[in-house]
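Student: Please take a close look at one part of this model. Then set that part in the context of the chain.

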Amino acid sequence: MRRTILLLTIILIGAFHSTAKAQKAAIKTNVLSDAFLNVNAGIEIGLAPRWTLDLTADYNGWTLSHERKWKHWLLQPEARYWFCDRWAGHFLGMHALGGQYNIGGLKNSLSFLGTDFSLLSERRYQGWFTGAGIAYGHAWILDKHWNLEAEIGIGWTYTRYDVYPCATCGTKLEKDKSHHYFGPTKAAINLVYTF
């Protein structure tokens with residue numbers, strides 16, 4: 001059994017090593033996310049002539065003024081199929097997403113597809129989420145290494161959370177609540193460097 005595992009491990013390492021030399025990769029940042037002071041970065045790796053795997057991470061750890069809070073982290077892997085070549089032209093993506101959040105005191109009156117975001121005005125929500133979606137995008141080649149990429153995605157997200165009376169309060173009003181969300185799950189204008 002040990003010999004079989006060792007042999008399979010050697011074969012997998014050899015297969016990855018031989019294909020890794022031919023693969024290209026890209027690093028990116030979402031300028032839309034940057035505009036909201038979210039630290040973010042992505043890496044995309046070529047898997048086949050028309051397939052790539054993208055992994056994006058997003059983090060916001062800031063406490064805003066006037067008792068507002070918008071803290072979160074997010075990971076979003078995505079498999080992409082390119083209609084022409086990798087990192088050029090149109091693509092379709094299938095993504096997953098997950099993370100945690102601590103959000104409250106954000107004055108608004110938004111209600112969208114069954115989710116009432118205006119509740120964030122007077123309450124703080126702290127919890128985790130997971131979900132999946134599909135996306136469409138397009139990449140424009142700017143020069144040998146730089147691209148500009150736009151993408152929009154929709155999907156479903158499930159969340160479990162606790163509710164607090166204000167952005168800085170510690171007494172729970174509700175515990176372990178759940179919510180299903182359907183709507184936009186991805187919006188990006190990425191500045192991409194390929195190598």
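Tutor: Ser-33 is buried, at 8% relative accessible area. Buried means under 20%, exposed over 50% and partly exposed in between, with a 1.4 Å probe and protein chains only. The model is predicted, so local features need pLDDT of at least 70 and side-chain atom pairs count only at pLDDT 80 or more, while totals for chains, interfaces and linings use all residues. Residues are numbered from 1 along each chain as its sequence is written, and side-chain values use heavy atoms, with hydrogens and water left out.

Ser-33 sits in helix α2, residues 31–35. Helices (H or I, at least four residues) and strands (E, at least two) are DSSP runs, numbered from the N terminus. Setting aside neighbours within four places in sequence, Ser-33 contacts Asn-38, Asn-40 and Asp-58. Contact means heavy atoms within 4.5 Å.

Now the chain around it. It has two helices and 11 strands. Their order along the sequence is α-β-α-β-β-β-β-β-β-β-β-β-β. Of its 195 residues, 37% count as buried. Among contacts with a separation of 6 or more, 59% join residues 24 or more positions apart.

Asn-190 is another buried residue, with a relative accessible area of 6%. Its strand is β11, residues 174–194. Asn-190 touches Lys-28, Thr-29, Asn-30, Arg-80, Asn-147, Leu-148 and Glu-149, not counting residues up to four places away in sequence. Asn-190 and Ile-27 are 163 residues apart in sequence, yet 9.6 Å apart in space, C-alpha to C-alpha.

Strand β11 also matters for the lining of the largest pocket, giving the most, with eight residues. A pocket is an open set of points on a 1 Å grid over the protein atoms alone, where a 1.4 Å probe fits, with protein on both sides within 12 Å along at least five of seven lines; lining residues have an atom within 4 Å of a point. The largest pocket has a volume of about 1,700 Å³. Its lining has 44 residues, with Trp-70, Ile-103, Phe-117, Tyr-181 and Pro-184 closest to the centre. Volume is the space filled by probe spheres set on the points, which are joined across faces, edges and corners. By class, this lining has 20 nonpolar, 15 polar and nine charged residues. Ala, Val, Leu, Ile, Met, Phe, Trp, Tyr, Cys and Pro count as nonpolar, Asp, Glu, Lys and Arg as charged, and the others, Gly among them, as polar.
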